[in-house]
Amino acid sequence: MEDINMWLSICLNESVNHDFAIRRFCPARMDQEQGRGGELQGQESVLDEMIELCSSDAATNAPTCLASSEVDEFVDSFINMDQYQYDNEDQVSLEKHQSFDHFLVKDEGDTYAFSKKMMNDALGYVATAMEGEESEIYENITIAMEEGEVEMHCVEEAGLGIDKGLDLVHMLLACAEAVSCRDTQQAELLLGKISVLATPSGDSLQRVSYFFATGLKCRLSLLPHNVFANGTLTTSTIAMNVPLISREDKLEAFQLLYQATPYMAFGLMASNEAICQASQGKSSIHIIDIGLEHTLQWPSLIRALASRPEGPPKLRITGLIANEDNPKLQISINVLVEEARSLGIPLEFHIISEPATTSVLTKEKLNLREGEALFVNSILQLHKYVKESRSYLKTILQSIKKLGPTALIVVEQDTNHNGPFFLGRFLESLHYYSAIFDSLEASMPRKSKDRMKIEKLHFAEEILNIVAYEGSDRMERHERVDQWRRKLGRTGFQVMPLKCTSQVRMMLSVYDCDGYTLSCEKGTLLLGWKGRPIMMASAWKVASL
């Protein structure tokens, strides 16, 4: 794979040709490069075309054009990310990451070790709202992977060259502008060119580009049928009839991501450390787990509580889940209860088959008891309550505050995917997921089926939701730590500084990769890739009057 540092050095010494279709969608760039004096005469026809293209009856309520500075800054930052070369001949497996079990232990008899399904099952998912060509693409990938080979779209396995890499980034940005302007013809033309370079089995740039192009295709396919009179997009009518990734596939991808990278383990460890620190001296603990999907977090917490100098406490865990029909989760819970009992901890584990709402987040519904140290645990969940009105999250936080928790633990993706304008979200999400895919490139072989599952069954779904959907169907509304700090502060919470930096650094040392970075910002821990924040972990208490 080409080192992107080399790309940058060449770009600094040579004039990069930016003459892509992106110019057509960017009057700001035209103004900058051609000037405003006598040269405006030749520009009038171009601007007339732009005005017609991005007119009120064709454009959304978002800006449809990227300024020259935005394009150049993004491309420079994109290619200025160090990339690690990886020898596909190296026998690197997830076994070396299993040594992390002494931090977050999994019971061998538990169902945490998800069975690896046949590849045709794992790849049978058709992405949300994909029809026609998109469905055919996924079908071809499934067939190719079953045969052990994936077509590279005539691109060498070594990855893209410098010019093709820059071409691909520029075409993605131009395509996003075309989709934003609802120029179907231009968008489809660019998508066809992108498909020649982007592939789900190439280097990190090719892979992330493939999934973003898929999101653009999906958004484009929804536009003619789902536009309100004011130009905003809705997808509810189609989304309800589209098959989603199965729960089993999601859990398998999560498990693989948990083993291969520290992103998920970081959040679970920080949450457990916050609970242990804030519950010292407490004889009874009650944890409300918002959006419970698995029990991976709790074995290590139980072991830590069992080894307390003052003795183990009583422990209750109440999980809020949207779907009751999950027999594998119940099996995991039963195993966990038995493990806790063997360590001298009486554990009560209850399930409430409802999402976290104001009617559920009450003392009566949650059966809160006097004298319990209450913890509300949210691992990658609260961003789903960030609606366009922004008042919905506030009511949820106010309900949590009324419960009087010892601590509210918030672990979230540290990025802004909830901006009001599509192009801004597209740029931010492309930058964010490029860093994640780069980290996967550094730690897993390109031909790894586990890596393909992580990218396709976990991250691709997030990308699709961010790029293609609007309204109530757009659930992945990630926000940055400073935004969470303002939201929680205005609701009456104040940060509880996390004191587990040394433990997290020790955990990171288990992963045979030097790109992960850890920082602390006003009591909040940030895990990043080469300085680019990816995950944030924080703990909050009700502010004293």
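Leaving aside its neighbours within four places in sequence, which residues is Glu 428 in contact with? What we have here is a predicted model, where local features need pLDDT of at least 70, side-chain atom pairs count only at pLDDT 80 or more, and totals for chains, interfaces and linings use all residues. Residues are numbered from 1 along each chain as its sequence is written, and side-chain values use heavy atoms, with hydrogens and water left out.

Now, back to Glu 428. Its contacts, beyond those sequence neighbours, are Thr 415, Asn 416, His 417, Arg 480 and Arg 532, where contact means heavy atoms within 4.5 Å. With Arg 532, the side chain of Glu 428 makes a polar contact of 3.1 Å. For us, a polar contact is a pair of N or O atoms within 3.5 Å; within protein, one must be able to donate a hydrogen and the other to accept it, and residues adjacent in sequence count only if both atoms are side-chain atoms.

Glu 428 sits in helix α17, residues 422–443. Helices here are DSSP runs of H or I, at least four residues long, numbered from the N terminus. Why does Glu 428 count as buried? Because its relative accessibility is 17%, and buried means under 20% relative accessible area, with a 1.4 Å probe and protein chains only.

Ser 439 counts as buried because its relative accessibility is 0%. Leaving aside neighbours within four places in sequence, Ser 439 is in contact with Tyr 263, Tyr 516 and Trp 529. And Lys 530, 91 residues away in sequence, lies 8.9 Å from Ser 439, C-alpha to C-alpha.

Note on methods:
Helix = DSSP H or I, 4+ residues; strand = E, 2+ residues; numbered from the N terminus. Buried < 20%, exposed > 50% of the residue type's maximum accessible area, 1.4 Å probe, protein only.
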